[in-house]
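Subject: The structure, and what turned up in it

Hi,

Here is the structure I promised to pass on. Please open it alongside this email, and then read on for what was found.

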Amino acid sequence: MRKKVYWIEGDGIGPEIWRSARPVIDAALAKESDMTLEWVELLAGEKALAETGSPLPESTLSALMRADIAMKGPLGTPVGAGIRSLNVALRQGLDLYACIRPVRYFQGIESPVKHPERVNMVIFRENTEDVYAGIEYAAGSPECRMLREFLCDKLGVSKIPATAALGLKPMTEAGSKRLVRRALRFALDNGLPSLTLVHKGNIMKFTEGAFRQWGYDVASAEFGDASCTEQDPLPGRLLVKDRIADAMFQEALLRPEQYHVLATPNLNGDYISDALAAQVGGLGLAPGVNMSDSLAFFEATHGTAPTIAGRDKANPGSVILCGALMLEHLGAPAAAKRIRAALEKALAAKTVTVDLADQIPGAITVGCAAFGGIIGENL
Ligand code: NAI
């Protein structure tokens, strides 16, 4: 079987990490499956700007709208140049509403905590709503004054200082439920023991509090036979629980083994994803996928690393692990397992790129191409 995978090279370190990662992904698949990948490049970012005059050509968006699998390297966002973030444009344009990040520990990496191996969680972060909707008004602007007047005059709000900036936090039942539904399905398909709704509903009752309630509602209405709650625990069923966001950060440090899948609104998910990745010492190794109902769009979670671009110093690990996630998604879990084992072997041998060498006592530094080669041999 041949499977079409659209890919975007990305800016900065994009070209070199892809050169290093793609052969690893293809080779792992060849060892475990008769499926092959047909890589079809789509243009975005600086390469697209140079070739077509647009950083996000219409042809790229329309191909992605029809696609079911795609992968991307990092895309730079020129600061203050009038171009909004390409990543945000892709997420919104393609309705990639679920940002999914697995976080686990790789043996040998130095971590700031005593037991990083106890962390093994998959975070489902809502990707389109919440304060990321970008509806905010600068202090003192006419729009801000109008909004404040409306709130004070029509809704009787009395607590907004005239000097305040204002922002909105839209969250919908449909948007929250589709995210939690996907997380529930994932937890059940993978036989995981628990799913935790992470919210700040004690303070923001009608947005974050509603997210919590909608989450429980979708669990009981659609997965009632397979799930249970802490109030009414049942053996053999998926335990659906909730934690207030600040308590969740404590739990992640104190009792991470009690958490398996987290479902979160946009901002909480942003914070907890990076905090958990840092806890296992693996920000540079974290893979991720953004999903709509039709497209799984895998992406390295780091940026373009402009200061090391083109110098054969970048770590291709995040793209390689994205490849493993993609192979799992395509129904080749043995190939994914092979990739992770090959990476673990490279870490154990302490022959790694410079960012990892900084975290592994006694490590020998190799370049991006050589590191990919070592992982390829370890397959
Ligand atoms: P960054 O992730 O590019 O860099 C942060 C630090 O990590 C730097 O020291 C960098 O050298 C290092 N680093 C990142 N990836 C690495 C890798 N694979 N191997 C070795 N070292 C690595 O974040 P920064 O500097 O905030 O952003 C640079 C550009 O990337 C910006 O234009 C930003 O908008 C964009 N960006 C894009 C993302 C995406 O496409 N998903 C995500 C984050 C940032």
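Let me start with a pair of charged side chains: Glu 9 and Lys 47 form a salt bridge, with their closest N and O atoms 3.0 Å apart. (A salt bridge here is a side-chain nitrogen of Lys or Arg within 4 Å of a carboxyl oxygen of Asp or Glu.) Because Glu 9 sits in the loop between β1 (2-8) and α1 (14-32) while Lys 47 belongs to helix α2 (residues 46-52), the pair ties together parts that are 38 residues apart in sequence. Helices (H or I, at least four residues) and strands (E, at least two) are DSSP runs, numbered from the N terminus.

Before going further, please note that this is a predicted model: local features need pLDDT of at least 70, and side-chain atom pairs count only at pLDDT 80 or more, whereas totals for chains, interfaces and linings use all residues. Residues are numbered from 1 along each chain as its sequence is written, and side-chain values use heavy atoms, with hydrogens and water left out.

Back to that pair. Glu 9 is buried, with a relative accessible area of 15%, and Lys 47 is partly exposed at 30%. For these words, buried means under 20% relative accessible area, exposed over 50%, and partly exposed in between (1.4 Å probe, protein chains only).

How many salt bridges does a search of the whole structure find? The search gives 21.

Glu 32 and Arg 338 meet through their side chains in a salt bridge of 2.7 Å, N to O. This pair links distant parts of the chain, with Glu 32 in helix α1 and Arg 338 in helix α11 (residues 333-348), 306 residues apart. Glu 32 is partly exposed at 35% relative accessible area, and Arg 338 also counts as partly exposed, at 26%.

Arg 125 forms a salt bridge with Asp 270, and their closest N and O atoms are 3.7 Å apart. Since Arg 125 lies in strand β5 (residues 120-126) and Asp 270 in helix α9 (residues 266-279), the pair ties together parts 145 residues apart in sequence. Arg 125 is buried at 5% relative accessibility, while Asp 270 is partly exposed at 25%. Salt bridges that share partners also join Glu 9, Glu 41 and Lys 47 into one network.

Next, a serine. Ser 85 is in the loop between β3 (69-72) and α4 (86-93), and counts as buried at 18% relative accessibility. The side chain of Ser 85 reaches two backbone nitrogens: that of Asn 87 at 3.2 Å and that of Val 88 at 3.1 Å.

Finally, Tyr 137 has its place in strand β6 (residues 136-137) and counts as partly exposed at 30% relative accessibility.

Happy browsing!

Technical notes:
Polar contact = N/O pair within 3.5 Å; in protein donor to acceptor, adjacent residues only side chain to side chain.
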